[in-house]
Amino acid sequence: MCDIEKLQCLTDLHLHIDGAISVKNARKLAEIQKIEIPESDEELKKLLMVSPGCRDLNEFLTKFDFPGSLMQTEKGISWAVYNLLEELNDQGVIYAELRIAPQKHTLGGLNQEQVVLAAVDGINRSQVHANLILCCMREKDNRNENLETARLCEKYLGKGVGAIDLAGAEALFPTEDFSYVFSYAKILGVPITIHAGEAAGAGSVAVALECGAERIGHGVRAVENEEVMKALKESGAVIELCPTSNLITHAVESISEYPLRKFMNYGIPVTVNTDDPSVCGTDIKKEWQLLIDEFYLSNAEVKKILITSANAAFADETEKDWIRRMINNNFYGLDKQ
């Protein structure tokens, strides 16, 4: 089996900034914005981390209100991004794609463009290579906000932004209701990833593919339908797996049922990611260890998945070549083990 602790070439392609605010960083962000927060670390952790008895994705999503309130200024957003990337560097992550929903960070008077520029500033200050994925939201009456997010994706594509996404309560707001934003994104030439097949079934994945998704966030329930699995394979779309998150939200009930091998055996490319490390109480090496322990992943299999991440990254070819080179160098001498 692969010894994940030896690797310093990891990637995380599905990581929400507001789901990754540590206790330490929450205190600094509260100080920046002059917000009162609990003095006890335990009480603060309760605000940031989902409870053990989480029932579903809808309950899971309530944990984003508090960390979101800490990211309502340009300084706070930039600082949050920079410090998250520094934490990722300590975990052996060399490339990350950070998700942010600009419309969720306008409560303090910022507009969406200011939010994006503040997040890009945080990336530019860090040693970790990264890009943003701008999330549209599954909500009522926010068509204009979502279209503005798409416009900003196009404006800053290749300048710190890599793609557009759709996040939120999938079961309450079906993917097809937001096809308009992806039609617009395709006109603009913006790459697409979509949260699908998490709280809703395989049909949501099928709709995401119809919308032009090159990657599927979570996607685990695609295995419920053979035709959707075939469509995934034919499309070449890549699955962004987030194991701990999927277990917490009951998208999958147990790690033994996790569809990693089903995807791999079917020839559907997968990546391994954290989703919301602070909300879930995880990090990228814990995610890998969970899968290595359950599925006895070899060095060769872990390397293949990491190379898939490099190939699927919403980055230019120079960046992808660098990621692949770092992975190959890290695995030198380990490939036969």
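Student: Which residue in β4 does Cys 136 stand opposite?

Tutor: This is a predicted model, in which local features need pLDDT of at least 70, side-chain atom pairs count only at pLDDT 80 or more, and totals for chains, interfaces and linings use all residues. Residues are numbered from 1 along each chain as its sequence is written, and side-chain values use heavy atoms, with hydrogens and water left out. Strands (E, at least two residues) and helices (H or I, at least four) are DSSP runs numbered from the N terminus, and two strands pair if DSSP finds at least two bridges between them. β3 and β4 pair in the parallel sense over seven bridges, and the residue of β4 opposite Cys 136 is Leu 166.

Student: Which strands stand at the edges of the sheet, each with a single partner strand?

Tutor: The open sheet has four strands in parallel pairing, in the order β1-β2-β3-β4. One side of each edge strand is left without a neighbour in the sheet, because each has a single partner; these strands are β1 and β4 (161-168).

Student: What is the angle between the direction of helix α7 and that of β3?

Tutor: Axes are lines fitted to C-alpha atoms, for helices over the stretch in contact (heavy atoms within 4.5 Å). Angles run from 0 to 180 degrees between N-to-C directions. Helix α7 (residues 143-155) packs on the sheet, touching β3 and β4, and its direction makes with that of β3 an angle of about 160 degrees.

Student: Within what arc do the buried residues of α16 fall, seen down its axis?

Tutor: Buried means under 20% relative accessible area, exposed over 50%, and partly exposed in between (1.4 Å probe, protein chains only). In α16, Glu 319, Lys 320, Ile 323, Arg 324 and Ile 327 are buried. They line one face of the helix, because the directions from the helix axis to their C-beta atoms fall within an arc of 135 degrees.

Student: Which residues on the other side of α16 are exposed?

Tutor: The buried residues of α16 have a cover that includes β1 (10-16), β2 (93-100), β3 (129-138) and α15 (299-312). On the other side of the helix, the exposed residues are Thr 318 and Asn 329.

Student: Is Ser 22 buried or exposed?

Tutor: Ser 22 lies in the loop between β1 and α1 (23-33). Leaving aside neighbours within four places in sequence, Ser 22 is in contact with Leu 48, Glu 87 and Ser 278. Its relative accessibility is 19%, so Ser 22 counts as buried.
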